[in-house]
Amino acid sequence: MAELSIRIDFGPGLRVGPGKIALLEQIAALGSISAGGRAMEMSYRRAWELIEELNTIFGKPVVQSRSGGKKGGGATLTPFGLSLISRYRAMERAAAAATQPHLDALSAEFQRP
């Protein structure tokens, strides 16, 4: 069955898509950048690079990290980071609803090579 995915291009190399949104969701759920990255099978460095790309695109942080200590470090999403997820998922739902008949028609015509 055909699936729709959305990628928003703000310019060359300035993209928001399902991977970055999923990473933000994992960070929110697990409470750290490293745990979010591991859940998506990526290194801490790669996860941090993706977070920095989002920060650059929007000019404001999407994640607030806490350095270690007795309770250890961690990360939470900023209000903007939470809003970004919410808006992206709303666009995804709206686009899926609008395109579902076309996806169904194409899926019916699809033949595996």
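## Contact between α1 and α3

Lys20, Leu23, Leu24 and Ile27 in helix α1 meet Ala47, Leu50, Ile51, Glu53 and Leu54 in helix α3. Sorted by class, the residues of this contact of α1 with α3 comprise seven nonpolar, no polar and two charged. The model described here is a predicted one.

Helix α1 covers residues 18-30 and helix α3 covers residues 44-58; their axes come within 10 Å and cross at roughly 110°. Because angles of 65 to 115 degrees count as roughly perpendicular, α1 is roughly perpendicular to α3. The crossing of these two helices, α1 and α3, is left-handed.

## Contact between α1 and α4

Helix α1 also packs against α4, at an angle of about 130° and with the two axes 10 Å apart. This angle makes α1 oblique to α4. The crossing of α1 and α4 is left-handed.

On the α1 side, the contact is made by Pro18, Ile21, Ala22, Leu24 and Glu25, and on the α4 side by Gly81, Leu84, Ile85, Tyr88 and Arg89. The residues in the contact of α1 with α4 are seven nonpolar, one polar and two charged. Leu24 of α1 takes part in this contact, and Leu24 also belongs to the group in α1 that meets α3.

## The largest nonpolar core

The largest nonpolar core has 20 residues, of which Leu23, Leu24, Ile27, Ile51, Val62 and Val63 touch the most other members. At least two residues of this core come from each of α1, α3, β4 (74-77) and α4 (79-109). The greatest contribution is that of α3, which gives five residues.

Leu23, Leu24 and Ile27 are among the α1 residues that meet α3, and Ile51 is one of the α3 residues that they face in that contact.

## Val62 and its surroundings

Val62 is one of the core residues that touch the most other members. With neighbours within four places in sequence set aside, Val62 is in contact with Leu24, Ile51, Leu54, Asn55, Thr76, Leu77, Thr78, Phe80, Gly81 and Leu84.

## Thr78 in the loop between β4 and α4

Thr78 lies in the loop between β4 and α4. Its relative accessible area is 10%, so Thr78 is buried; the cut-off for a buried residue is under 20%.

Not counting residues up to four places away in sequence, Thr78 touches Pro61, Val62, Val63 and Gln64. Thr78 and Ser65 are 13 residues apart in sequence, and their C-alpha atoms are 9.6 Å apart in space.

Note on methods:
Residues are numbered from 1 along each chain as its sequence is written. This is a predicted model: local features need pLDDT of at least 70, side-chain atom pairs count only at pLDDT 80 or more; totals for chains, interfaces and linings use all residues. Side-chain values use heavy atoms; hydrogens and water are left out. Axes are lines fitted to C-alpha atoms, for helices over the stretch in contact, and angles run from 0 to 180 degrees between N-to-C directions. Helices (H or I, at least four residues) and strands (E, at least two) are DSSP runs, numbered from the N terminus. Angles under 35 degrees count as roughly parallel, over 145 as roughly antiparallel, 65 to 115 as roughly perpendicular and the rest as oblique. A crossing is left-handed if the near helix is turned anticlockwise from the far one by less than a right angle, and right-handed if clockwise. Contact means heavy atoms within 4.5 Å. Ala, Val, Leu, Ile, Met, Phe, Trp, Tyr, Cys and Pro count as nonpolar, Asp, Glu, Lys and Arg as charged, and the others, Gly among them, as polar. A nonpolar core is a set of buried Ala, Val, Leu, Ile, Met, Phe, Trp, Tyr and Cys residues joined through side-chain atoms within 4.5 Å. Buried means under 20% relative accessible area, exposed over 50%, partly exposed in between (1.4 Å probe, protein chains only).
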